[in-house]
Amino acid sequence: MKYVSTRDNSKEYNFEQAFIKGLADDGGLYVPISLKKFSSEKLQELKKLNYNELSTEIINQFSSDFISKEELSSLIKKSYSTFREKEV
């Protein structure tokens with residue numbers, strides 16, 4: 001996925017570049033050039049996932065050129081492992 005600044009969309013960035021910089025040089029925010037639309041069938045599938053699985057599926061749409069889905073899933077599991085509620 002490619003990202004552009006909200007103030008100047010003439011230069012494209014990948015996830016790693018946008019993540020590391022945080023804010024664009026022009027002070028704008030990085031936003032995706034386009035977003036994938038989920039089909040009704042895919043949304044029904046996503047409804048069945050637990051919080052960690054759903055987080056992985058959604059974040060992977062934005063970061064797949066930087067981190068593998070397996071690594072992302074592992075990070076998400078570790079990040080939420082200390083929560084008391086099972087569904088968080």
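Val31 sits in strand β2, residues 30-32; strands here are DSSP E runs of at least two residues, helices are H or I runs of at least four, and both are numbered from the N terminus. The model is predicted: local features need pLDDT of at least 70, side-chain atom pairs count only at pLDDT 80 or more, and totals for chains, interfaces and linings use all residues. Residues are numbered from 1 along each chain as its sequence is written, and side-chain values use heavy atoms, with hydrogens and water left out.

- Val31 is partly exposed, at a relative accessible area of 31%. Buried means under 20%, exposed over 50%, and partly exposed in between (1.4 Å probe, protein chains only).

**Salt bridges**

- The structure holds 2 salt bridges. The criterion is a side-chain nitrogen of Lys or Arg within 4 Å of a carboxyl oxygen of Asp or Glu.
- One of them links Lys21 to Asp25, with the closest N and O atoms 2.6 Å apart. Lys21 is partly exposed at 38% relative accessible area. Asp25 counts as exposed, at 66%.
- Lys69 and Glu57 also pair through their side chains, at 2.6 Å from N to O. Lys69 belongs to helix α4 and Glu57 to helix α3, so this pair ties together parts 12 residues apart in sequence.
- Lys69 is partly exposed, with a relative accessible area of 34%. Glu57 is buried, at 17%.

**Helix packing**

- Helix α3 covers residues 51-63 and helix α4 residues 69-80; their axes come within 9 Å and cross at roughly 135 degrees. That angle makes α3 oblique to α4.
- Axes are lines fitted to C-alpha atoms, for helices over the stretch in contact, and angles run from 0 to 180 degrees between N-to-C directions.
- Under 35 degrees is roughly parallel, over 145 roughly antiparallel, 65 to 115 roughly perpendicular, and the rest oblique.
- The α3 and α4 crossing is right-handed.

**Asn60**

- Asn60 is part of helix α3. Asn60 is buried, with 13% relative accessible area.
- Asn60 and Arg7 are 53 residues apart along the chain, and their C-alpha atoms are separated by 25 Å.

Note on methods
A crossing is left-handed if the near helix is turned anticlockwise from the far one by less than a right angle, and right-handed if clockwise.
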